[in-house]
Amino acid sequence: MEIVDYIIADDKQLVRLSLEGDHTAFEYLFNRYSEAIRRLFLQRLTSAVDADDLLQETFIKVYINLHRYSDSFTFGQWVYTIARNTHIDYERRRQEDLPIDERFTAPWASAPSPEEKLISLQQRSQIELYINSLSEQYQTLFKMRFLEDYSYEEIAEKLQLPMGTVKTRIHRARERMCALIKEGEKK
């Protein structure tokens, strides 16, 4: 496959290719989700080294268990579940290493703090602003592909467009979103 094919491939396609032994496809899956999972760990841990270790552990589990992935969930949900369970296991191991008198302190809060909720809400609002600044055709395609998780085939069928047109427009919409996000970070 050409690099552009990997970039525009949906998660299900990359999973299938990975299961067939295409290591580049798995690399693209890793690249799609690694930053989000790393940020998740960084929010819950004080050490960037521990976050990186858990990120590696998570994707080792993803790779080993890829054959168990069911497309009844999005790939992102499945990876997030593995990451969450990896973090829980880490916390259990860490608790076992503590002296008995330190084990029974206040439990770790799994719910986001009010500050985290506010930041998440602000980020979501900013993303919505970026999406709304796209042209109408790009908004529709971006939402269908990345928010509603439609496959390229489903989008082509629903919008009655040729597959090549759908792929090209989604690629352009993604590029425009990336540019808007970069511009927003500079401000």
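Predicted model: local features only at pLDDT ≥ 70, side-chain atom pairs only at ≥ 80, totals over all residues.
Student: Fine. At what angle do α2 and α3 cross, and how close do the axes come?

Tutor: Helix α2 (residues 11-19) and helix α3 (residues 23-44) cross at roughly 140°, and their axes come within 8 Å. The two helices are therefore oblique to each other.

Student: Left-handed or right-handed crossing?

Tutor: α2 passes α3 in a left-handed crossing. On the α2 side the contact is made by Asp11, Leu14, Val15, Leu17 and Ser18, and on the α3 side by Ala25, Phe26, Tyr28, Leu29, Arg32 and Tyr33.

Student: How do the residues of that contact divide by class?

Tutor: Eight are nonpolar, one is polar and two are charged.

Student: Now α8 and α9. What's the packing angle there?

Tutor: About 140°, for helix α8 (residues 136-147) against helix α9 (residues 152-159), with the axes 10 Å apart. α8 passes α9 in a right-handed crossing.

Student: Which residues make the contact?

Tutor: Thr140, Leu141, Met144 and Arg145 come from α8, while Tyr152, Ile155, Lys158 and Leu159 come from α9. By class, that contact has five nonpolar, one polar and two charged residues.

Student: What does Ile82 touch?

Tutor: Leaving out residues up to four places away in sequence, Ile82 touches Thr58, Lys61 and Val62.

Methods. Residues numbered from 1 in each chain as written. Heavy atoms only, no water. Axes fitted to C-alpha atoms, helices over the stretch in contact; angles between N-to-C directions. Helix = DSSP H or I, 4+ residues; strand = E, 2+ residues; numbered from the N terminus. Left-handed = near helix turned anticlockwise from the far one by under 90°. Contact = heavy atoms within 4.5 Å. Nonpolar A, V, L, I, M, F, W, Y, C, P; charged D, E, K, R; others polar. Parallel < 35°, antiparallel > 145°, perpendicular 65-115°, else oblique.
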